[in-house]
Amino acid sequence: MTKDIAERLHNDPGADIHAGALGRIINAVGIVFALGLLVSAGILVLEIFLRYVLNAPTIWAHETVIFLTASAFVYGGLYVVARNAHIRVVLIYDFLPKRVRRYFDIYISLICCLASGMFAWAAWKGVERAIWTPAGEFRLETSGSAWNPPTPGLIKLFLLFILIVMTVQFLILTVAYYRKKGD
């Protein structure tokens, strides 16, 4: 079983060829967020030990795990776009001739580009409230817990950044599919 997993990892195709240099960068950075998930699992194990064995729970573990996993899930959306592994209904798409698929790819990428741009605009509205006080001073939104980290503000900023990059990635895909020679 371990050999099978190692072979699949070795044969990983990486970013889609149409995703360009940005897609390759997005694909490479994905390991950081995968490691973040492993770190969050380690923090949970540590917290269980501290809480139930030593009777000394932390005030930071829960929110740190939420931050790390939320960051990974947000990045995951961009990651699957760069790898052309996003969810799609293939019932019709798989039966189309390759030439017609090209037009579908152009249309789907363009619509996704526009949607990502609109989501980025909506995310900006949330970021405005999360990084500035009503008086206009810079201050990241905090969790309000005993530890009170600025993770809600950081996640909102990260989501905005990812949506902007996702918009650009879909634009790159749209142009690449448009320029693609008919098969």
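Colleague: Where is Leu46 found in this model?

Modeller: In this predicted model, Leu46 is found in helix α2, which covers residues 20-52.

Colleague: Is Leu46 buried, partly exposed or exposed?

Modeller: Partly exposed lies between under 20% for buried and over 50% for exposed. Leu46 has a relative accessible area of 38%, so Leu46 is partly exposed.

Colleague: Which residues form the nonpolar patch on the surface?

Modeller: The patch is formed by Leu46, Ile48, Phe49, Tyr52, Val53, Leu54, Ile59, Trp60 and Trp147. Together they have about 940 Å² of accessible area.

Colleague: Where are Asn55 and Asn148 placed?

Modeller: Asn55 is in the loop between α2 and α3 (61-82), and counts as exposed at 66% relative accessibility. Asn148 is in the loop between α5 (98-131) and α6 (151-179), and is partly exposed with a relative accessible area of 34%.

Colleague: How much space lies in the largest pocket, and which lining residues are the closest to its centre?

Modeller: The largest pocket holds about 160 Å³ of space. Ten residues line the largest pocket, and the closest to its centre are His18, Tyr93, Arg101, Asp105 and Lys180.

Colleague: How do the residues of this lining divide, and which helix gives the most?

Modeller: The lining of the largest pocket has six charged, two polar and two nonpolar residues. Helix α5 gives the most, with three residues.

Terms used. Residues are numbered from 1 along each chain as its sequence is written. This is a predicted model: local features need pLDDT of at least 70, side-chain atom pairs count only at pLDDT 80 or more; totals for chains, interfaces and linings use all residues. Side-chain values use heavy atoms; hydrogens and water are left out. Patches are made of residues with over 30% relative accessible area and no salt bridge: like charges are joined within 9 Å, nonpolar side chains (Val, Leu, Ile, Met, Phe, Trp, Tyr) within 5 Å. Accessible areas come from the Shrake-Rupley method with a 1.4 Å probe; for residues, only the protein chains shown count as cover. A salt bridge is a side-chain nitrogen of Lys or Arg within 4 Å of a carboxyl oxygen of Asp or Glu. Helices (H or I, at least four residues) and strands (E, at least two) are DSSP runs, numbered from the N terminus. Buried means under 20% relative accessible area, exposed over 50%, partly exposed in between (1.4 Å probe, protein chains only). On a 1 Å grid over the protein atoms alone, a cavity is a set of points where a 1.4 Å probe fits but cannot get out, and a pocket is an open set with protein on both sides within 12 Å along at least five of seven lines; lining residues have an atom within 4 Å of a point. Grid points are joined across faces, edges and corners, and a volume is the space filled by probe spheres set on the points. Ala, Val, Leu, Ile, Met, Phe, Trp, Tyr, Cys and Pro count as nonpolar, Asp, Glu, Lys and Arg as charged, and the others, Gly among them, as polar.
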